[in-house]
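Subject: A structure for you to look at

Hi there,

Here is the structure I promised to pass on. Have a look at it first, and then read on for what turned up in it.

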Amino acid sequence: MELCCAVQKYAWGKAGKSSLVAQLSQGNSSAPIIDEDPYAELWMGTHPSGPSVIKSSNEPLLNHLLNNVDSLGDEEKKVFGADLPFLFKALSVAKALSIQAHPDKKHAEELFATRPDLYKDPNHKPEMVTAWLGPFEALCGFRPIGDIKFFLQEIDELAAVVGKSACEALVKAESDSDEIRALRECFSALMNTSEESIASALKQFEQRIPSLSAEKKDSLQCDLFTRIASDFPGDVGCWGVYFMNYVILQEGESMFLGPNVPHAYIFGDCLECMACSDNVVRAGLTPKFKDIDTLCSMLDYQTGPVDRFRMKWSTVDEFCQTCLPPVPDFAMARLQLPNSATVDKPYGVPVRCNASILLILQGQATSAETKDDLTFGQVLFLKAGQQLTVQVKGEQDFIVYQAFANV
Ligand SMILES: [Zn+2]
């Protein structure tokens, strides 16, 4: 079944036709692209804030699932009930998204019970991001502690807003637990500093940057800092550059972000799969509400290089790889079939025991099971156990990403 999917226009999205999200939307909806609109996210799934509908009948996918529960796999139904447990997205990022973290399941239930105005559902939101097309930039997890100490020692303006006692505690900390406690104190102090002090410290540092040597600018990641500071003048999140790892994912590389890991996407296009939730606790790079107490108390203050978030893809067969994160809510597969000059016979997509959503990202193919050709931007729903056989057409390789429950 082909799906029509919701486009979300947020201020940080890429504009008009330059946005992958806008381009993809042309494959599954008839809405024209508006040049100046920011096309931020394409949502594939049943989330009430952007539900997908079945193209042939216009019926919401969730309705269809409720009326056809056997579309879902047995284990999937047992664990998650009569709905898809995941939300699959494509993102086109022109400007940093807010620094954020997502609560674990138990904490999400508490937040939803006490602050339903801020936290709209009781679910956790682990997420996996995969770069698509060019490189994808992000901030993710706390840096190695040595890096953070170095920046606090080198950037007086940052040390001033963090405060002398918190900085000293971090520099002196020797054991892992002391370091984590001191880092928590530093980060909480930063987040609780008044907006005026943050803005004036940012301004002072920005004014000082041109006088630094090229080597110093490099070691203090001034290019990155300046880029973010010019998009978010006066925002406390600009200092996040000095606490969080900066990572560039190349096309096809993935990261998994579990509960309470601070992160911010900065630039590029990606595919994202997550538990079906919209619970976000924000820390900066946003004009939206920052729930600072909740954030500072829940964050994962573990430090170290970004490698701990990277995911490996495993080979299933010649054309298929899968990536299985450590949560039951979702997993991903990707199909990369060479062009028709290289492979001229049909290929059976590995059959999944759970329902899945497929997004066609490149190329064209015919299929024995669908009437129409499969092309760029189409989104397909496959029920549990359903077969799909494809034969590549044309000169481009045929590339598809598939999301499904990891049970
Ligand atoms: Zn997130």
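Leu 285 sits in the loop between strand E13 (281–284) and helix H12 (292–298). Helices are DSSP runs of H or I with at least four residues, strands are DSSP runs of E with at least two, and both are numbered from the N terminus. The phi of Leu 285 is near 55°, a positive value in a residue other than glycine. Most residues other than glycine have a negative phi.

Before going further, please keep in mind that this is a predicted model, in which local features need pLDDT of at least 70 and side-chain atom pairs count only at pLDDT 80 or more, while totals for chains, interfaces and linings use all residues. Residues are numbered from 1 along each chain as its sequence is written, and side-chain values use heavy atoms, with hydrogens and water left out.

Pro 287 and Leu 359 are 72 residues apart in sequence, and their C-alpha atoms are 32 Å apart in space.

Gln 221 is another non-glycine residue with a positive phi, of about 50°. You will find Gln 221 in the loop between helix H10 (214–219) and helix H11 (222–231). Gln 221 is partly exposed, at 24% relative accessible area.

Now for the whole protein. The protein has 12 helices and 24 strands. Its radius of gyration is 23 Å, close to the 22 Å that the globule rule gives for 407 residues, so the protein is as compact as a globular protein of that length. That radius is taken over C-alpha atoms, and the rule is 2.2 Å times the number of residues to the power 0.38. Along the principal axes, the C-alpha trace spans about 70 × 45 × 40 Å. Of the 407 residues, 56% are buried. Taking contacts between residues at least 6 apart in sequence, 75% join residues at least 24 apart; a contact means heavy atoms within 4.5 Å.

Next, some helices. Which residues of helix H7 (residues 164–172) are buried? They are Ala 166, Cys 167 and Leu 170. Seen down the axis of H7, these buried residues fall within an arc of 100°, so they line one face of the helix. The arc is that of the directions from the helix axis to the C-beta atoms. On the other side of H7, Lys 164, Ser 165 and Lys 172 are exposed. The buried residues of H7 pack against helix H5 (145–154), helix H6 (156–162) and helix H8 (176–191).

H5 has its own buried residues: Ile 145, Ile 148, Lys 149, Phe 151 and Leu 152. Down the axis of H5 they fall within an arc of 165°, so they line one face of that helix. The buried residues of H5 pack against strand E9 (127–142), H6, H7, H8 and H10.

In helix H4 (residues 105–114), His 107, Ala 108 and Leu 111 are buried. Their arc, seen down the axis of H4, is within 100°, so they line one face of the helix. Lys 106 and Ala 113 are exposed on the other side of H4, while the buried residues of H4 pack against H12.

Phe 80 belongs to helix H3 (residues 74–80) and counts as partly exposed at 25% relative accessibility. Leaving aside neighbours within four places in sequence, Phe 80 is in contact with Pro 85, Pro 328, Asp 329, Ala 405 and Val 407. Pro 60 lies in the loop between strand E6 (53–54) and helix H2 (61–67).

Enjoy exploring it!

Best wishes

Notes:
Buried means under 20% relative accessible area, exposed over 50%, partly exposed in between (1.4 Å probe, protein chains only).
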